[in-house]
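Reader: I'm new to this and would like to learn how to read a protein model. Could we go through it together, one feature at a time?

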Amino acid sequence: MNLKPTRSASPTQGVSAGNLRELHDAGRAIMRNVETVIDGKHEAVQIALTVLLAEGHLLIEDVPGVGKTMLAKALARSVDCTVGRIQFTPDLLPSDVTGVSVFNQAERRFEFKPGPVFANIVIGDEINRASPKTQSALLESMEERQVTVDGTTYPLALPFTVIATQNPIEMEGTYALPEAQRDRFMARISMGYPDSDSELAMLDSRDTSSPLALISAVVSEETLRDMMHTARAVFASVAVKEYAVNLVRATRDDRDLRLGASPRATLQLIRAAKAQAALNGRDYVLPDDIDALAVAVLGHRLVPTSRALGHHHQDSGPVIDDIVRRILADTPVPVGVAASDQVPAHPFKAAASSSLPPVPAASMRPLGSTGQS
């Protein structure tokens, strides 16, 4: 499958309809594969795939037993890439993650033995059960795609994505992730409990065997790499970029936040929006793409004030999500973007959008509105 973007295309021309069609078809195949394992969580699956195509890292946070690790494993198995798994525990050492230099008696020299982080997709299970020292072993690899051990730097193979799970910080025996590490995750999602129909269907489908044993790769490593190139080439207009910047800057000045989002958050918000646009058959980003991903991309980077938390000291997630939604409502949305400075629609796009619906986005608001009645 050839998904490489047209080299001669200018930014205003986007990517070809053929590349979009192939990315869209491959994306649908991955989602169908994952959803044979994860019941009733279409939005979580789509955001996870969006992060993968945007070359980011995903943090799945929720209570035990709702399918966090199952989602990570299913997504990893749907792509024919190398997969590493790390079970984080309080006694895990940094060298257990990155690797260690071992002395070779025969050759009288040290040899580097790579750790599980040397894989295309790294699953970090219960990342907040390891000590902060061990958690920090992932900082360099997540940001710079490399590992430094004993003064020697080893590059990681691309693509490289970390999919980490964690239980809420009030659970016993956990260590809260520091702000610097949370900021390296492109998005954070919560699985939530399944609805009654999905939970009832799960009782039948998993009674005798695990559905993970039945799925296999539907996309090759080369195809995934080409999908990433195509998603990266999606066009984002100046107006859309300014909208993303205004959202992020608003978090830094908000009265209910002690710590706002970083410039890295702005970059990752645009990259995620490009990937979502491509999955929905568009070669340009709309403000709705930004709105749909804002909570997932920005929420885990923000620190609320004590006044905003009120009696929610043990679970700041819902409070932060409400703050992000309020900022979305208060930030003017650029109107007429698609008509004025985006590329013309391809005939394929209407069909693509209908066959793979986007993550629900906030309603479009007129320029200058505050979102308040």
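This is a predicted model: local features need pLDDT of at least 70, side-chain atom pairs count only at pLDDT 80 or more; totals for chains, interfaces and linings use all residues.

Reader: Okay, is Ser220 buried, exposed or partly exposed, and why?

Author: You look at relative accessibility, where partly exposed lies between under 20% (buried) and over 50% (exposed). Ser220 comes out at 30%, so it counts as partly exposed.

Reader: Which residues does Ser220 touch, if I skip those up to four places away in sequence?

Author: Val79 and Asp80. There's also a polar contact, at 2.9 Å, between the side chains of Ser220 and Thr223. And have a look at Ala26: along the chain Ser220 and Ala26 are 194 residues apart, yet 10.0 Å separates their C-alpha atoms.

Reader: Now for helices. How do I describe two that pack together?

Author: You give the angle between their axes and the distance between the axes. Take helix H2 (residues 42–53) and helix H11 (residues 263–279): their axes are 8 Å apart, and the packing angle is about 115°. Angles of 65 to 115 degrees count as roughly perpendicular, so H2 is roughly perpendicular to H11. The crossing of H2 past H11 is right-handed.

Reader: Which residues make the contact between H2 and H11?

Author: From H2 you have Leu49, Thr50 and Leu53, and from H11 there are Ala272, Ala275, Gln276 and Leu279.

Reader: And how many residues of each class are in the contact of H2 with H11?

Author: Five nonpolar, two polar and no charged residues.

How values were computed. Residues are numbered from 1 along each chain as its sequence is written. Side-chain values use heavy atoms; hydrogens and water are left out. Axes are lines fitted to C-alpha atoms, for helices over the stretch in contact, and angles run from 0 to 180 degrees between N-to-C directions. Helices (H or I, at least four residues) and strands (E, at least two) are DSSP runs, numbered from the N terminus. Angles under 35 degrees count as roughly parallel, over 145 as roughly antiparallel, 65 to 115 as roughly perpendicular and the rest as oblique. A crossing is left-handed if the near helix is turned anticlockwise from the far one by less than a right angle, and right-handed if clockwise. Contact means heavy atoms within 4.5 Å. Ala, Val, Leu, Ile, Met, Phe, Trp, Tyr, Cys and Pro count as nonpolar, Asp, Glu, Lys and Arg as charged, and the others, Gly among them, as polar. Buried means under 20% relative accessible area, exposed over 50%, partly exposed in between (1.4 Å probe, protein chains only). A polar contact is a pair of N or O atoms within 3.5 Å; within protein, one must be able to donate a hydrogen and the other to accept it, and residues adjacent in sequence count only if both atoms are side-chain atoms.
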